[in-house]
Structures are given as C-alpha cells and as structure tokens.
Amino acid sequence: MTVIVILVALFALLLVGVPVAYALGMLGLSMLYLGGFSPLMAPQAILSTMDGFILLAVPLFLLMSNILLKGGVGRDLFAAVQAWVGHWPGGLAVATIISCGIFAAISGSSVATAATIGTVAAPEMISRGYNRRFVYGLLAAGGTLGILIPPSIPLIIYGFVTEESVIALFMAGIGPGLALIALFILYSILSARFLQSYTPVEPVSWPERWRATLRAAPSVVLAAVILGGIYSGAFTPTEAAAIGFSVALFITGVILRSLTWAKLWGAMVDSMSTTVSILLIIAGAKIFGKAITLYRIPQDISAFLSDWVATPLGLIVVVSVVLLLMGLVFEALSMVLIMTPVLLPAALAMHFDPIWFGIYMVILVECALITPPVGLNLYVIQSVTKSSLGEVSRGTLPFLVLMLLTVALLYLWPDLALYIPFKL
Amino acid sequence: AETTMRISLQLPMKSHLGQNLKMFKDEVEATSNGDIAVEIYDSAQLYKDKEVPQAVGSGAIEAGVASLTRFVGDVPMVDIFYQPFLFDSEEKVRKAVAPGSPVRGPIDEAIQGTGSTVLWWQAYGGAIMLSNGGPISSPEAMQGKKVRVFGKTLGDFTTAAGGAPTIISGSEQYLAYQRGTVDIGMTGVSGVQSRSLWEVMDTITVTNHADIEFIVVVNTDWWNALPQAHKDIIAAAARNAENSVRDEMSAIEGRAYAAAKENGMTIYTPTADELAQWQAVSQPVYDAFLEKTGDAGKAMLEAARGF
Amino acid sequence: MRLVTAIETATAWLAASLLTLSGGMLTYEVVARYFFNAPTIWAAELSQLCLIWACPVAMGWALTHRRHIRVTAVTAQLSPRLRQWAEVLSILVILVFSLVVLAYGFEIFFDSFERQRTTGTMLDMPSWIPEASVPAGFALLILSCLTNLWRALSGTLPDEEGVME
Ligand code: NA
Ligand code: NA
C-alpha cells in the first residue's frame with residue numbers, strides 16, 4: 001500500500017514537470033517528515049553526493065568528450081572508419097557501429113554518442129538509400145554503446161552507490177560491449193544483403209584512407225591511453241578523466257587546431273550544466289533512497305523476491321521484466337539510482353557477482369534509452385533526423401532483441417563480463 | 001516497540017563488527033521483551049563511515065558505528081591510536097581501551113562534547129603492511145615506494161619513513177595492488193581475508209604500527225531522554241558486546257593470518273632491531289600529535305608509554 | 001530581476017571555471033605522481049572542493065535556463081493555461097524543498113563553524129568550508145525560484161533548452 005502511494009506521488013510530481021532531481025528530493029523529504037525522521041538527512045545527502053571523489057570523474061569525462069565534440073572529432077572518426085569499411089556490404093552501417101564503439105570509448109554518455117555519430121552518419125546513410133527505419137534504429141541503439149564501453153557515467157554512479165570498484169566495472173563492460181558491436185555488425189550485414197536495397201559506396205584509394213586515419217588517430221590514441229592507463233593502474237578513473245580532458249585540449253587545440261576559445265567556453269558550460277543536473281539527480285535519489293530504506297521498502301522487496309523467486313534464472317527474468325517496464329517511462333540515471341538499492345540485496349543473496357550485476361543493469365538501462373515513450377536516444381535521433389518518435393521507435397525493435405540476446409549470453413556465460421577484470 | 005534505535009554501519013552484516021551489532025540487537029530485544037527495537041542499517045545504506053560523527057551528533061539518526069579516527073576533526077586526541085608502534089601488543093591495547101583509562105577516558109569525554117555519547121568500543125585489530133616480493137621489514141624497504149594509507153596520520157608516518165602516501169578507498173584497494181597503482185598497502189589483517197587480497201599481494205609484514213578501533217555512538221539528547229530501565233538494558237548489552245569482540249579479536253586475527261598463509265602469503269614479523277629503526281623514524285608523527293593536542297595529549301602519551 | 005540574472009550568469013561562469021580547474025589540478029597530480037613519484041596532498045581535496053562548490057551554486061542558473069532533466073511528455077500536451085499552472089506548481093515544489101534544505105543545511109554549516117570542526121583529512125581544513133556550499137547554493141536557488149515564479153505567473157515562460165546526459 002505504502003509503495004503504491006509513493007509511486008503515485010512520484011509519478012504525479014514527475015508528470016507535472018518538476019525536474020527529476022527535485023521530485024525525488026521533495027518526495028524523500030516529505031517521507032522523512034511524515035515518518036518522523038530528521039530532515040537533516042536531506043542536506044547531509046546532498047553534501048555526501050558532492051563529496052564523492054569518484055563522481056568528480058563525471059564533469060571531467062564530460063569536458064573531455066565535449067571538447068572533442070566541438071573540435072569536430074566525430075566527423076573525422078566517421079570519415080576514417082568509412083574509408084576502410086564503407087565499401088563492404090552494408091558498409092556504411094558497419095562504419096556507423098564501429099564509429100559508435102570508438103566514440104563510446106572516449107565518451108561516458110549514450111546521448112552524446114548518438115548525437116555525435118548520428119549527425120554525420122544519418123544523412124550519409126539515407127542519401128545512399130538505406131531504409132530509414134533501419135538507420136534510425138541503428139543510430140539510437142549504436143549510441144547506447146556509450147554507457148557500456150568505458151568510460152561510462154552510469155557505471156561510475158553504480159560504483160558510487162554500491163561502493164564497488166569502478167575500475168572493475170569499466171573493465172567488465174568491455175566484453176559485453178564488443179559482443180554487442182559484433183551482433184550489431186552481423187545484423188547490419190545480413191539486413192543489407194537480404195532486406196534492403198542501397199547504393200554501394202566505392203572503395204576509397206589507399207592514400208585517402210591513410211589521410212583520413214591520420215586525422216582521426218589522435219582521438220583513437222586518446223581512447224587507448226585512457227583505457228590502458230586505468231587498466232594498468234597508472235591512474236584512477238577520476239584521474240583518467242582529468243588526463244583525458246588535458247589530452248583532448250592538446251589534441252584539438254594544438255594538433256588539429258580545431259578548437260577556438262568560444263568553442264572551449266561552450267564545452268565548459270555544457271559540461272557544467274550536465275554535471276549539475278546529473279549530480280542533483282544523484283543527490284535527490286539519495287534523499288529518496290534514505291527515506292525508502294528507513295521505511296524498510298528495499299528490505300521488504302528483497303525478502304519478497306527471495307520468498308517468491310526460488311532460482312537465479314527466475315530472479316533475472318523477473319528483474320529484467322521489471323526493468324524493461326520501468327525503462328519505458330524512466331530516465332536512465334534515475335533507474336540505476338532507484339533500483340540498485342532495491343535489487344542488489346536480492347541479487348547478492350542469490351550469489352550474483354555485484355560487478356556482473358552492474359553490467360547487467362547497464363544493458364537494461366540501454367534498452368530503456370531506446371524504448372518509447374521516454375527514451376533519450378530516441379529523442380536525439382528524432383531531432384537529428386527530423387522524423388517521428390513512432391518511426392524511430394519501430395526502427396529500434398530488432399536492436400532491442402539483440403540487446404536482450406546479449407543479456408541472455410551474459411547470464412549463460414558470466415565471464416563475458418568478468419574475464420577481463422578478474423581473470424586476464 | 002516503545003523505543004527504536006537505528007544504527008548505521010559502513011561494513012556489511014557478515015563482517016565481525018556487523019556480527020557484534022547483531023549480538024547487541026538480540027540481547028537488547030530479548031531482555032527488553034521487545035520494548036526496544038534495534039534496526040541495523042549495514043553496508044552504508046544510510047551513512048558512510050565518515051558521515052557518522054555528524055549524523056549522530058546532530059540527531060539525524062540515533063546511533064552509528066565509525067572508525068575512531070573519524071572523530072579527529074572534533075577530537076584530535078583520537079589519533080593517539082595511530083601513533084606508530086605505541087600500542088604494539090594486545091596487552092597495551094587492552095590497557096588503553098579499558099573504560100576510564102587515562103587514554104580512553106579523556107577521549108570518551110571529549111566525544112561527549114560533539115553531541116554523541118560513546119556506547120562501546122569495537123576492536124578491529126592492528127594495522128599491517130602488504131607487499132609483493134619481500135617484506136617491508138624496515139623503513140629502508142619503504143624508500144620511494146607508493147603506499148596506500150587510510151587517514152592523515154598514517155600518511156604522515158609514511159612520509160616520515162620515506163614513502164609516498166596515497167589515500168585509496170577500501171573498495172579500490174584490490175585493483176590498486178593488482179595493477180601496481182601502489183607498491184605497499186596498509187590495512188587490518190581481517191581486511192586481507194574479507195577482500196582476498198592474497199590474490200594480489202604475497203607478503204604480510206606484521207608491524208602492528210597502529211591500533212584500529214571502531215566506536216558505537218548514540219545521540220546524547222536521545223540517550224538522555226530514554227527511561228532509566230532502557231538505558232540500563234542498552235548499557236549492559238553494550239558492555240557484553242564490547243567484551244565479546246575484544247576477547248575474540250586475537251582469534252579473528254589468528255584465523256585471518258592462517259587463511260593468508262594457506263593462500264600462499266609469507267608472514268614476516270620484524271625483529272627487535274628493525275622495530276627500533278621504525279620507531280626512530282616515527283618521531284615527527286609524535287611531534288605533530290603533541291603540537292595539535294597540547295598538554296592533554298602529552299599526559300595521554302605519557303600514560304600510554306607507561307603501559 | 002536583472003540582478004538575479006546577473007548573479008546567475010556569474011555563478012555559471014564560476015561553476016564552469018571551478019570544474020575545469022579541477023581537471024587541471026588532477027592532471028598535475030598524475031604527472032607529479034607518475035613522473036616524479038611525488039604525489040601531492042592537496043590536488044585530490046581541492047578538486048573535490050571545486051565540485052562541492054560548483055554544483056550547488058549553479059542550481060539557480062540551471063533552473064532558469066531549464067537545464068534540469070524533467071519529464072515533458074505530459075506538460076507538452078497541455079493547453080498554455082494549464083502548462084502555466086503546472087509550471088507554477090513545479091516551482092512551488094522546488095521552493096519548499098529549497099527552504100527546508102537551506103534551513104537544515106545552514107544548521108550543519110553553523111554547527112561546524114561554531115565548534116571549529118576540521119575535516120581530519122590530509123589538508124585538515126575547517127569543515128564549514130565545504131558545508132557552506134549547500135546553504136549558499138540553496139539561497140541562490142530560492143532567488144531564482146522567486147524570479148521564475150514571477151515569470152510563470154505573468155505568462156512569460158522561456159522555451160525548453162533541454163539537457164544532454
Ligand atoms: Na563510454
Ligand atoms: Na524508455
């Protein structure tokens with residue numbers, strides 16, 4: 001009963017248009033007040049959020065990718081990949097996915113990945129006669145790689161909430177990320193071969209290939225430095241973000257000379273703005289989280305799940321359905337923040353690895369990003385391509401199936417995620 | 001229940017501190033016939049360790065467990081337990097933590113001034129050093145090495161011994177050792193067992209250079225408003241919990257050392273000569289302590305040296 | 001109104017600079033540790049302090065420039081009149097929240113200030129320095145709430161700027 005009242009109140013606040021952060025915060029504060037708990041918990045939760053060293057990685061990764069973005073790196077990247085694989089069957093589609101994968105390795109966000117690659121790849125693919133719906137779906141889904149392949153803002157937040165190692169989470173995202181890229185590529189080639197007609201791209205000359213590659217090389221090197229640095233222990237994720245920011249400045253300001261002062265200032269303000277809204281949501285969710293913990297709601301749900309769902313498979317099926325439904329209307333971060341404290345105890349009781357569970361959650365959050373009515377990547381592709389939400393959503397359907405297939409693979413073979421961090 | 005006592009804990013229930021709280025809860029709930037309900041919020045569901053002093057002192061929650069050194073911002077004297085090699089045997093530790101002792105007495109009293117009342121102390125064991133490819137037998141072995149520390153005083157000690165301190169959280173410890181972000185680690189030996197650190201480090205040097213204590217504090221206003229009967233029940237259970245964990249501590253550490261050995265770790269105990277070298281480099285840490293704590297700290301230190 | 005707008009612009013400028021500064025400090029830290037084996041004791045803490053101050057002070061600016069993540073699926077379908085009332089309601093919620101957090105946040109800050117509590121970290125700075133960011137930020141947010149309430153009541157709503165996550 002309490003749970004239903006809380007859910008109704010939450011929906012009412014959100015639908016009236018109260019920003020997610022304040023809706024969660026106000027609801028949590030009201031619950032604290034009604035339950036006779038101290039409202040001091042609200043400012044304490046806000047301070048505690050801003051005081052998390054790992055969360056400092058959020059603005060810095062944003063700065064890095066925004067600087068690269070303003071420096072036109074997305075265009076260079078796509079041009080280089082296209083020069084190599086553009087003439088394959090479905091070559092532009094393959095180039096799009098690979099570009100999404102590489103950009104994902106320098107950006108922590110799905111929306112930025114979808115927007116960057118979408119802006120350059122969508123017009124190109126459509127002019128070559130690719131099926132529109134396929135293009136929309138491909139870009140919306142390809143963008144979600146941004147949060148599975150490290151760096152990843154949702155993984156940082158999962159690590160912050162659960163006190164698990166962010167480095168391990170980052171490493172664990174690589175395997176499933178590559179699996180997803182492989183599945184997307186396979187589907188693109190098959191779909192191009194059998195389901196649609198398009199004008200093939202002429203192979204590009206070798207000198208042209210090398211020129212395009214050279215221009216894109218710095219950002220690929222940057223991605224490698226960041227991943228390698230984290231993996232080798234040279235720096236923590238937060239420090240990696242700082243290094244990434246400095247190197248991005250160097251690449252766009254000194255090597256490519258594509259960054260102006262105005263663009264730099266734009267990148268700084270955009271990063272600040274996103275950081276403020278993300279950290280406030282985390283703080284709001286923390287207040288809400290304390291309130292539901294004191295009402296013993298996560299504890300009750302966890303007990304309920306372990307009473308009624310007897311097997312690990314059963315748990316994953318139930319949780320996946322809940323997350324998919326929730327993902328229809330919830331935005332990605334709130335999902336991680338609200339559901340992790342509720343679900344993780346039940347998962348740990350069934351001996352799931354907490355790192356594995358984080359990756360599993362992030363793949364389902366990726367699904368949420370491409371399911372209507374609330375899916376940020378749908379909105380991005382819709383605005384980039386000037387199309388309807390319905391058409392973009394229908395296009396994502398086959399990719400949604402591939403993502404659920406990856407979840408199944410991950411369940412059957414947990415090492416898909418855990419091999420790189422713990423066994424390599 | 002007439003009274004609800006919520007306790008915030010950073011560690012999971014399965015840790016020995018969690019089990020100790022569970023014992024307290026069971027006793028209180030049984031002897032009060034359910035008049036007092038104890039709710040434990042483990043794994044930092046409500047507060048992280050470092051937030052506990054403020055949360056309990058302000059009355060945002062009734063009770064919490066925090067590492068003693070978390071109170072250093074209010075009570076600089078708590079750092080006596082991190083003065084290198086001051087309490088390097090169980091006997092000395094027991095004398096220091098006895099209720100009302102010249103070391104614990106002034107600390108409990110000073111914490112009272114922060115709005116919290118100390119219910120009981122939970123033993124956590126001594127700090128040891130972890131390394132790869134040989135023990136950290138003397139300060140020479142620490143020269144120029146990067147060292148994982150937890151807290152400022154251990155950092156100062158590391159600097160005094162010629163190492164470079166880096167603060168790394170408990171959760172990032174494993175990978176920091178595996179990837180070589182740091183060369184040497186400081187932790188309690190039970191942490192070696194709970195985090196399987198033998199997979200990434202091969203040597204323990206039993207320095208016992210600091211004594212790690214946790215304390216369970218309650219909000220003073222809440223405590224004073226309790227009926228006397230409830231206070232008595234809680235105080236009695238707290239005393240039992242304190243004695244139990246103190247008595248078990250050497251067995252807990254013994255099991256952790258055995259597990260470490262079983263998993264291939266070398267366990268090295270420094271010789272008297274090596275310990276003297278360690279103590280010789282530690283003087284700046286003591287000087288800083290005296291400078292911060294004045295006469296009260298001086299009296300405490302003298303008492304401790306007499307144990 | 002114009003004063004509040006100027007304050008908002010200044011806070012945005014400050015917040016963006018603080019975050020960029022933290023990137024510079026942490027880069028220095030890595031270089032110092034990795035190449036000179038001399039980790040600093042200040043970089044991690046001061047860059048954290050940048051985050052602690054940057055976020056709260058820019059809340060008001062973010063509200064006015066509509067940078068917060070919100071669900072617009074329903075409000076977008078409403079008539080202008082209803083949308084205006086939804087906006088008023090939504091600002092009132094933020095205002096109430098801000099007033100409560102301001103009051104209790106000030107209590108936390110003031111307690112540490114009076115007791116001269118320190119953080120007990122490597123730099124051991126006074127605890128009120130980070131803690132003051134919350135009351136300061138929410139006081140600024142209240143100012144922005146009031147001007148936006150006025151805008152909503154007089155029917156001059158700005159367009160959504162949206163936010164990239
Ligand atoms: Na990424
Ligand atoms: Na969705």
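The contact draws 57 residues from chain C and 60 residues from chain A, where contact means heavy atoms within 4.5 Å.

C:Arg67 and A:Asp270 meet through their side chains in a salt bridge, at 3.9 Å from N to O.

Which elements of chain C give two or more residues to the side that touches chain A? They are helix H1 (2–36), helix H2 (43–57), helix H3 (59–64), helix H4 (80–115), helix H5 (128–131) and helix H6 (133–153) of chain C. The largest share of that side, 16 residues, comes from H1(C). Helices (H or I, at least four residues) and strands (E, at least two) are DSSP runs, numbered from the N terminus. By residue type, the side of chain C that touches chain A divides into 37 nonpolar, 13 polar and seven charged.

## Where chain C meets chain B

Turning to chain B, the area buried between chain C and chain B is about 1,300 Å², and carbon and sulfur atoms give 49% of it. Three residues, C:Asn37, C:Arg117 and C:Met122, supply 42% of the area that chain C buries against chain B, more than any other three residues. The contact takes 12 residues from chain C and 18 residues from chain B.

Across this interface of chain C and chain B there are two salt bridges. The side chains of B:Lys292 and C:Asp124 meet in a salt bridge at 2.5 Å, N to O. The interface of chain C and chain B also has four residue pairs in polar contact, with both residues at pLDDT 80 or more. On the side of chain C that touches chain B, the residues divide into three nonpolar, five polar and four charged.

## The sodium site

The sodium ion (ligand 1) is coordinated by A:Ala104, A:Ser107, A:Gly146, A:Ile149 and A:Pro151, each through an O atom, at 2.2 to 2.3 Å. Along the chain, these donors follow the spacing A-x2-S-x38-G-x2-I-x1-P. A:Ala104 lies in helix H6 (residues 91–104) of chain A and A:Gly146 in the loop between helix H8 (132–144) and helix H9 (153–162) of chain A, so the pair ties together parts that are 42 residues apart in sequence.

Donors are N, O and S atoms within 2.8 Å of the metal (3.2 Å for Na, K and Ca), and water is not among the atoms, so sites may look incomplete. Are A:Ala104 and A:Gly146 buried or exposed? Both A:Ala104 and A:Gly146 are buried; that means under 20% relative accessible area, with exposed over 50% and partly exposed in between (1.4 Å probe, protein chains only).

## Salt bridges within and between chains

Over all chains, the structure holds 24 salt bridges. In chain A, A:Glu208 pairs with A:Arg211, the closest N and O atoms being 3.4 Å apart. These two are three residues apart in helix H11 (residues 206–232) of chain A, and so are separated by about one helical turn. A:Glu208 is partly exposed at a relative accessible area of 35%, while A:Arg211 counts as exposed at 54%.

In chain B, the side chains of B:Arg246 and B:Glu213 meet in a salt bridge at 2.8 Å, N to O. This pair links distant parts of the chain, with B:Arg246 in helix H9 (residues 228–262) and B:Glu213 in strand E9 (residues 211–219) of chain B, 33 residues apart. B:Arg246 counts as buried at 8% relative accessibility, and B:Glu213 as buried at 2%. A network of salt bridges links A:Arg296, B:Arg6, B:Glu39 and B:Glu62.

## Reading the numbers

Residues are numbered from 1 along each chain as its sequence is written, while chains are lettered from A and ligands numbered from 1 in the order in which they are written. As this is a predicted model, local features need pLDDT of at least 70, side-chain atom pairs count only at pLDDT 80 or more, and totals for chains, interfaces and linings use all residues; side-chain values use heavy atoms, with hydrogens and water left out.

Technical notes:
Buried area = accessible area lost by both parts, 1.4 Å probe. Salt bridge = Lys/Arg side-chain N within 4 Å of Asp/Glu carboxyl O. Polar contact = N/O pair within 3.5 Å; in protein donor to acceptor, adjacent residues only side chain to side chain. Nonpolar A, V, L, I, M, F, W, Y, C, P; charged D, E, K, R; others polar.
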